[in-house]
Amino acid sequence: MRSVWVGSYGSTSVLEMREMPVPEPGAAEVRIRVKVAGINYADIMQRLGLYPNGPKAPFPAGFEVAGVVDQVGSEVTEWHVGDEVMAFCQGGYSDYVISQPYQIMPKPEQLSWHQAAAVPCQYLTAYHALLTLGQLKAGQTVLVQAAAGGLGTLIIQIARNVGAISIGTASTAEKCALIRELGCPYPVQYTQADFRDVVKSVTRGQGCELVIETVGGNVFDRSLKCLRSRGMLVTLGIASAEVPQISAVSLLANNWIVAGMHLMGYVTDRSAMAHAMRDLHTWLLDGKLEIIARHAFPLEEAARAHDFISGRQSVGKVVLHVAD
Ligand SMILES: NC(=O)c1ccc[n+]([C@@H]2O[C@H](COP(=O)([O-])OP(=O)(O)OC[C@H]3O[C@@H](n4cnc5c(N)ncnc54)[C@H](OP(=O)(O)O)[C@@H]3O)[C@@H](O)[C@H]2O)c1
């Protein structure tokens, strides 16, 4: 089978297509025939060797797929050959992957294969950051960095669905128009305006209850100052690769909460996962959640797809098309 590997850490030139044997599932494992592999910003950080506790090169790229169950181990009872699924895995940029039963979710019929590939990582992160950890409530205000991205477009819609008010940042007027359509009443084109001024005016000087931060560097520092007393900043990523430093004194003096979140710490929480999947199905049925998945590259063009995301050209989800 085909499998895209990170041969060594570095630019997209380190991505190489390898011919590998089709993997055999163990007794408690499931094999999936991949239709679409999701690309996440984490894939880029792993390729660069900047991901905390990331895989050591060489390693197979990607960790998220949508596809069809193709073989199940003898101890697996919850999944069957032919099930249409979305899943976490290792080496998602491949024709076949192995997953553990708890890492697999049924694909909602309302979603295309391309959209389904956004659920494991981006939908679940958006949900748990806003609701499981952030406890966002109707009427509260949330500041969302990189709001037109794969994660951001879902955060904006979930915030709207629970009756919260979002302030979302993006680099271009087109990206701002998209997030407005998705329910963000206050898009901020950060190349033209300072999001701190918008937060000040929308919250009448009080600051936000919640900030979702994914950029790092001075965006983190400026975002922190957008919190109200007892507000929470959730740090999810460092797209700029500039690791911020926090002063403990500024936290205690302002009553600010800073929380880190990594999705894998939530995937084994059965109750939180059940809530996330229940709300996903309800919102899809009610037409209240649109997964933006406009950018699909062939598996062979994984390098071009990574450059597309790093170059900030994407909106919503970017995927690799593996098989029809
Ligand atoms: N902790 C977790 O479990 C978890 C899970 C999922 C994602 N994340 C994190 O969430 C963030 C978003 O992930 P995603 O996969 O949805 O990616 P994405 O948002 O679709 O793409 C990245 C976007 O980030 C913005 N950006 C800001 N500074 C950037 C920089 N220096 N270089 C490149 N882009 C920059 C760009 O939007 P503009 O053009 O509008 O600036 C770009 O389009 C990433 O930091 C990722 O690591 C964390």
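1. The ligand sits between two domains: domain 1 (2–118 + 291–321) and domain 2 (122–264) both give residues to the shell around it, so it lies between them. Keep in mind that this is a predicted model.

2. The shell around the ligand has 26 residues. Those that come nearest are Leu151, Ser171, Lys175, Tyr190 and Leu263. By class, the shell divides into 13 nonpolar, eleven polar and two charged residues.

3. A backbone N or O atom of glycine 150 lies 2.9 Å from an oxygen atom of the ligand. A polar backbone atom of leucine 263 is 2.8 Å from an oxygen atom of the ligand. Arginine 312 uses its side chain: a polar atom there lies 3.0 Å from a ligand nitrogen atom.

4. Burial of the ligand comes next. Taken alone, the ligand exposes 910 Å². The protein buries 92% of that.

5. Which elements give two or more residues to the shell around the ligand? They are helix H3 (119–133), helix H4 (150–161) and helix H10 (302–310). H3 gives the most, with three residues.

6. The largest nonpolar core has 59 residues. Tyr123, Leu124, Leu130 and Ile158 have the most contacts inside it. Elements that each supply at least two residues of this core include strand S6 (84–88), H3, H4 and helix H9 (270–285). H3 provides the largest share of the core, ten residues. Domain 1 (2–118 + 291–321) and domain 2 (122–264) each contribute at least three residues to this core.

7. H3 deserves a look on both counts: it gives the most residues to the ligand shell, and the largest share of the core comes from H3.

Methods. Residues numbered from 1 in each chain as written. Predicted model: local features only at pLDDT ≥ 70, side-chain atom pairs only at ≥ 80, totals over all residues. Heavy atoms only, no water. Near = heavy atom within 4 Å. Polar contact = N/O pair within 3.5 Å; in protein donor to acceptor, adjacent residues only side chain to side chain. Areas by Shrake-Rupley, 256 points an atom, 1.4 Å probe, with all protein chains shown as cover. Helix = DSSP H or I, 4+ residues; strand = E, 2+ residues; numbered from the N terminus. Nonpolar A, V, L, I, M, F, W, Y, C, P; charged D, E, K, R; others polar. Domains from an automatic or database assignment. Core = buried A, V, L, I, M, F, W, Y, C linked by side-chain atoms within 4.5 Å. Buried < 20%, exposed > 50% of the residue type's maximum accessible area, 1.4 Å probe, protein only.
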